[in-house]
Amino acid sequence: MGILSVLDREHTIAPPGYSRWLIPPAALAVHLCIGQAYATSVYKTSMVKHFDASQTAIGVIFSIAIVMLGLSAAIGGTWVERNGPRKAMFVSACFWATGFLVAALGIGTGQLWLVYLGYGVIGGIGLGIGYISPVSTLIKWFPDRPGLATGLAIMGFGGGALVASPLERQLLSVYDSNYDPNNSASVAGGGALVALFVTLGIGYFLIMMFGVFNIRVPAADWKPAGFDPSQVKAKALVTTANVSAANAIKTPQFWFLWVVLLCNVTAGIGILEQASPMIQDFFRGADGKSTVAVAAAAGFVGLLSIFNMAGRFAWSTTSDYIGRKPIYAMYLGVGMVAYFLLATIGHNSTAIFVLLAAVILSFYGGGFATVPAYLRDLFGGYQVGAIHGRLLTAWSVAGVAGPLIVNGFLDRQGKPGTLTAEAYRPALFTMVGVLAVGFIANLLIRPVADRFHEQTSTAEATEAAK
């Protein structure tokens with residue numbers, strides 16, 4: 001217990017003069033690792049062959065992980081606030097690494113249920129705890145620029161796949177000489193998959209430890225140089241009061257924002273999940289052949305990952321200047337236009353298609369990165385991490401709803417490899433409607449009523465105790 005006491009909150013208080021710019025890299029170390037969840041498609045075909053299973057059966061692994069992300073973030077949010085970022089990030093690293101190792105055991109023994117348990121359930125818990133663990137700490141360090149701070153960290157989750165995808169391909173080629181990392185149809189053997197999962201589990205644990213031992217919380221009376229909290233009062237929707245996590249879920253503002261996140265993520269994930277076959281189908285000729293090669297489609301997926309990552313930083317930083325409500329009006333309003341144009345003229349030019357999809361994915365990423373700052377504006381910094389955790393249940397629902405909407409329509413249109421742009425129109429027009437619901441929910445958000453606010457003395461005493 002003596003060794004583990006270094007993880008306690010009281011041992012993470014920053015000394016005088018500590019630079020707050022050291023905190024985002026610590027958070028980024030965790031988010032880059034758990035962002036590997038977006039790179040599961042690299043070994044999906046190999047898993048299908050190894051287990052002699054359907055694509056759906058293997059795809060369920062990712063779905064379980066995303067559902068567990070939302071549930072663990074919601075249930076564990078208050079625990080994260082109470083115990084501090086260092087202990088939470090350590091717990092996240094342990095669950096995330098253990099998830100890989102248990103999944104490796106499942107692959108090695110041919111037991112798919114162990115992969116569900118390992119990567120899906122255990123790893124998913126690590127995802128949820130790791131995702132929210134640095135959020136409230138970043139907001140406390142950057143009360144003057146919360147959008148920039150959370151964008152820096154959550155950008156890592158969107159960019160995790162950019163690191164993981166090529167890394168996984170190269171590792172598989174090392175562990176299986178018959179695997180070609182440049183051929184998307186190449187399949188790795190079971191032994192290579194086991195070695196890959198063990199390597200990722202150990203490697204990610206070590207990288208996350210960098211974040212664990214470099215994270216700090218500010219002293220109770222710390223403020224950035226030149227920051228005057230009284231100026232915050234002049235901004236619309238920004239409160240200097242505090243709302244507890246228990247009270248936050250009783251407010252209409254929480255549920256309006258829950259709907260906003262649900263709609264934004266549902267629309268974005270519909271493109272993300274179908275990106276590679278979608279661009280090929282949109283430009284399929286009368287002879288049944290697509291003018292977009294498999295390699296080009298893979299490059300398109302990588303480009304979308306870049307816009308997903310860049311949107312998390314650029315748009316969330318912009319929200320510090322124009323406000324959170326206006327930026328979400330842009331995500332949802334311009335998103336509706338982009339989806340409508342994608343459905344009606346996207347098939348006319350690959351450049352138009354790529355541009356519209358890139359805009360949609362930048363809004364998808366920006367929505368994730370901006371929401372913690374939106375929560376801070378509405379509910380204060382008192383238990384913003386726990387509130388954020390509860391809000392992420394919207395992601396769990398969207399992670400199921402988005403693919404179901406798109407795949408449900410496509411299943412009625414024909415078989416994969418034979419679809420055209422016309423087959424996607426019902427799904428794309430549905431997404432316009434989904435975004436319209438989110439747009440209205442965002443318009444309905446108002447300042448939180450005073451009756452939900454914590455007593456100032458109670459909130460300050462709790463913060464001081466932390």
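Begin by colouring the chain by pLDDT, whose mean is 88, with 93% of the residues reaching 70 or more. Confidence is highest in helix H4 (residues 85–109), at a mean of 97, and lowest in helix H17 (residues 456–465), at a mean of 49. If you then select residues 457–461, you will be looking at a stretch where pLDDT stays under 50 and where the model has three contacts beyond four places in sequence. Where pLDDT is low, the predicted coordinates should not be read in detail.

Next, select helix H1, residues 23–34, whose twelve residues reach 17 Å from the first C-alpha to the last, close to the 16 Å expected at 1.5 Å a residue. Nine of the twelve residues are buried, so H1 is largely enclosed by the rest of the structure; among them are Pro24, His31 and Cys33. To see what the buried residues of H1 pack against, show H4 together with helices H5 (112–132), H6 (135–141), H7 (146–175) and H8 (190–214).

From there, move to Tyr119, which, together with Trp395, has the most contacts inside the largest nonpolar core, a set of 133 residues. Leaving aside residues up to four places away in sequence, Tyr119 touches residues including Gln36, Tyr43, Trp96, Phe100 and Phe197.

Finally, look for the cavities, of which the structure holds two of 30 Å³ or more. The largest cavity contains about 60 Å³ of space, and its lining includes Ala267, Met278, Tyr339, Val406, Tyr424 and Met431. Helix H10 (252–282) and helix H16 (421–443) are the elements that each give two or more residues to this lining.

Terms used:
Residues are numbered from 1 along each chain as its sequence is written. This is a predicted model: local features need pLDDT of at least 70, side-chain atom pairs count only at pLDDT 80 or more; totals for chains, interfaces and linings use all residues. Side-chain values use heavy atoms; hydrogens and water are left out. pLDDT is the predictor's confidence in each residue, from 0 to 100. Helices (H or I, at least four residues) and strands (E, at least two) are DSSP runs, numbered from the N terminus. Contact means heavy atoms within 4.5 Å. The expected span of a helix is 1.5 Å times one less than its number of residues. Buried means under 20% relative accessible area, exposed over 50%, partly exposed in between (1.4 Å probe, protein chains only). A nonpolar core is a set of buried Ala, Val, Leu, Ile, Met, Phe, Trp, Tyr and Cys residues joined through side-chain atoms within 4.5 Å. On a 1 Å grid over the protein atoms alone, a cavity is a set of points where a 1.4 Å probe fits but cannot get out, and a pocket is an open set with protein on both sides within 12 Å along at least five of seven lines; lining residues have an atom within 4 Å of a point. Grid points are joined across faces, edges and corners, and a volume is the space filled by probe spheres set on the points.
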